[in-house]
Amino acid sequence: EKRRKKKMNSIMVDSDIKSPLAEAIRTLRTNIQFMNPSKGMQTILVTSTLASEGKSWVSSNLAAAFAQTGKTTVIIDADMRKGVLNKIFDLPLTPGLSNYLSGVNISSIKSPFTEHPEIGTIIQRTEIENLFAITLGDLPPNPSELILAEEMNNLIDELRDFADVVIFDGTPSLLVTDSIILSRLVNSTIIVAEYNRTKKNDLKQVKEAITNVGGKVAGIVLNK
């Protein structure tokens, strides 16, 4: 019960809908919608410079906020090193993203989403209506190589028939290259910065790294 309370409290737009934090998340959602008014599936990557800047909190709340508008939303734990979405939403760790990308420990699983057999094995329902999650799966030895694999493109293509919004909770971009690689495949990238901690030069470095590979930085979220 304590674990569930902690989990739900971290999703402010669901547990404390009138709080200033929940309102800030809804404003962020609205701004993102206006920036990308296309009718197709919207794909968003949330990254940061370093760890513990609040990236997973922002991405999970943003995903919940999109789901509350009636959009089928999938949040994906793209940090295959230290992902935490399974803890936030109290879901099994496997099967998840790494299993889909590698094909390991997935073939025998029967999909509960029969109309989406390819991705149905890794999509899990959360307790929030319209919000689904893909956890990180088994910890792989080669996360960056898996992000580069053609299966990542296949996953995004498969999700087009299932979701309206897909949010990737990525890795901190100064520490590893996973999110830089992934930024090329999504519509827009958001960088989470922590007030009074994140360095301007680090932000500049991450922004340049993303734009250099062809990614689009939608903006920066100032957290805490």
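Trainee: Which residues are buried in α3?

Mentor: First, the ground rules. This is a predicted model, in which local features need pLDDT of at least 70 and side-chain atom pairs count only at pLDDT 80 or more, while totals for chains, interfaces and linings use all residues. Residues are numbered from 1 along each chain as its sequence is written, and side-chain values use heavy atoms, with hydrogens and water left out. Helices (H or I, at least four residues) and strands (E, at least two) are DSSP runs, numbered from the N terminus. Buried means under 20% relative accessible area, exposed over 50%, and partly exposed in between, with a 1.4 Å probe and protein chains only. In α3, the buried residues are A22, I25, R26, L28, R29 and I32. Seen down the axis of α3, they fall within an arc of 155 degrees (taken from the directions from the helix axis to the C-beta atoms), so they line one face of the helix.

Trainee: Which exposed residues does the face of α3 turned away from its buried side carry?

Mentor: That face carries P20 and F34.

Trainee: What covers the buried residues of α3?

Mentor: Look for contact, meaning heavy atoms within 4.5 Å. The cover includes α2 (12–15), β1 (42–48), α4 (55–67), β6 (188–194) and β7 (217–223).

Trainee: What is the order of the strands in the open sheet?

Mentor: Two strands pair if DSSP finds at least two bridges between them. Here seven strands form an open sheet in the order β3-β4-β2-β5-β1-β6-β7, with mixed pairing. At the edges stand β3 (124–125) and β7, each with a single partner strand, so one side of each is left without a neighbour in the sheet.

Trainee: How many bridges does β1 share with β5, and in which sense do the two pair?

Mentor: β1 and β5 pair in the parallel sense over six bridges, and I44 stands opposite I167 in β5. β1 also pairs with β6 in the parallel sense, over five bridges; there T47 stands opposite I191.

Trainee: How many residues of β1 are buried?

Mentor: Seven of its seven residues are buried. Q42, I44, V46 and S48 point one way from the strand, T43, L45 and T47 point the other way, and all are buried.

Trainee: How many salt bridges does the count come to?

Mentor: Side chains of opposite charge can pair when their charged atoms come close. The rule for a salt bridge is a side-chain nitrogen of Lys or Arg within 4 Å of a carboxyl oxygen of Asp or Glu. By this rule there are six salt bridges. One of them joins K55 and D169, with the closest N and O atoms 3.1 Å apart. K55 lies in helix α4 and D169 in strand β5, so the pair ties together parts that are 114 residues apart in sequence. K55 is buried at a relative accessible area of 9%, and D169 is buried at 1%.

Trainee: Which residue meets D178 in a salt bridge?

Mentor: R81 does, at 2.8 Å from N to O. The pair links distant parts of the chain: D178 is in helix α10 (residues 178–182) and R81 in the loop between β2 (73–77) and α5 (85–88), 97 residues apart. D178 is buried, with a relative accessible area of 1%, whereas R81 is partly exposed at 34%. As a further case, E194, R197 and K224 are linked in a network of salt bridges.

Trainee: How many aromatic pairs does the structure hold?

Mentor: Rings of Phe, Tyr and Trp (its six-membered ring) pair if their centres lie within 6.5 Å; planes under 30 degrees apart count as stacked, over 60 as edge-to-face and the rest as tilted. The structure holds one aromatic pair. F132 and F162 form this edge-to-face pair, with 5.1 Å centre to centre and 75 degrees between the planes. F132 lies in strand β4 (residues 131–134) and F162 in the loop between α9 (150–159) and β5 (165–172), so the pair ties together parts that are 30 residues apart in sequence.
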